Amino acid sequence: MAIKGSPTAVSPHVSRRFAITTLGCKVNQYDATTIQERLSAAGHQWLSFKEHADVYIINSCTVTNQADRESRQLARRAKRLNPDANVIMTGCYAQVSPAAVSRLPEVDYVIGLNRLEDLVSVVSNPEQQAARVLIDNLR
């Protein structure tokens, strides 16, 4: 049995309510569906982005400056809906401009492309995630 606060103590998994919105192409839409399916399979409840959620995921696009702006607006909207929620920015904008995205006060985590396991982990156990920015160099 682990003693609370010991390195082997593990927080019990808590079901969280999450909302996801997607900007951009069909690849982003596919990715958002995959994220939704994985989080639902992990026991989390999927909500509309307009609802009061514990976690808001913005699957961003960066094809135009307007897409970047829309991603920032969605992060602000999520924090207005629930100031205590975790806001995760993923997708192309997060991957291409992680430093800029991480400076947004509304964004709690920046998770790049091909980091689905990290995204699921952050939603499931945010208190166990030390890094705010999880990006791989795709070059």
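The model is predicted: local features need pLDDT of at least 70 and side-chain atom pairs 80 or more, while totals for chains, interfaces and linings use all residues. Residues are numbered from 1 along each chain as its sequence is written, and side-chain values use heavy atoms, without hydrogens and water.

The side chain of Asp 118 meets that of Arg 115 in a salt bridge, at 2.4 Å from N to O (a side-chain nitrogen of Lys or Arg within 4 Å of a carboxyl oxygen of Asp or Glu). Arg 115 counts as buried because its relative accessibility is 17%.

Four salt bridges are found in a search of the whole structure. In one of them, Arg 17 pairs with Asp 54, and their closest N and O atoms are 3.0 Å apart. Arg 17 belongs to strand S1 (residues 17-22), whereas Asp 54 lies in the loop between strand S2 (45-47) and strand S3 (55-60), so this pair ties together parts 37 residues apart in sequence. Helices (H or I, at least four residues) and strands (E, at least two) are DSSP runs, numbered from the N terminus. Arg 17 is partly exposed, at 29% relative accessibility.

Arg 38 and Glu 117 also form a salt bridge through their side chains, with 2.7 Å from N to O. Because Arg 38 lies in helix H1 (residues 26-41) and Glu 117 in helix H5 (residues 116-124), the pair ties together parts that are 79 residues apart in sequence. Arg 38 is partly exposed, with a relative accessible area of 31%.

## The parallel sheet

Six strands make up an open sheet with parallel pairing, in the order S2-S1-S3-S4-S5-S6 (two strands pair if DSSP finds at least two bridges between them). S2 and strand S6 (133-134) are the edge strands, each pairing on one side only.

S3 and S4 run parallel and are joined by six bridges; Asn 59 stands opposite Thr 90 in S4. Two bridges connect S4 with S5, again in the parallel sense, and Ile 88 has Tyr 109 as its bridge partner in S5. Strand S5 (residues 109-111) is joined in turn to S6 by two bridges, and these strands run parallel. Ile 111 has Leu 134 as its bridge partner in S6.

## The enclosed strand S4

Six of the six residues of S4 are buried, so this strand is largely enclosed by the rest of the structure. Both of its faces are covered: Asn 86, Ile 88 and Thr 90 are buried on one side, and Val 87, Met 89 and Gly 91 are buried on the other.

Methods:
Buried means under 20% relative accessible area, exposed over 50%, partly exposed in between (1.4 Å probe, protein chains only).
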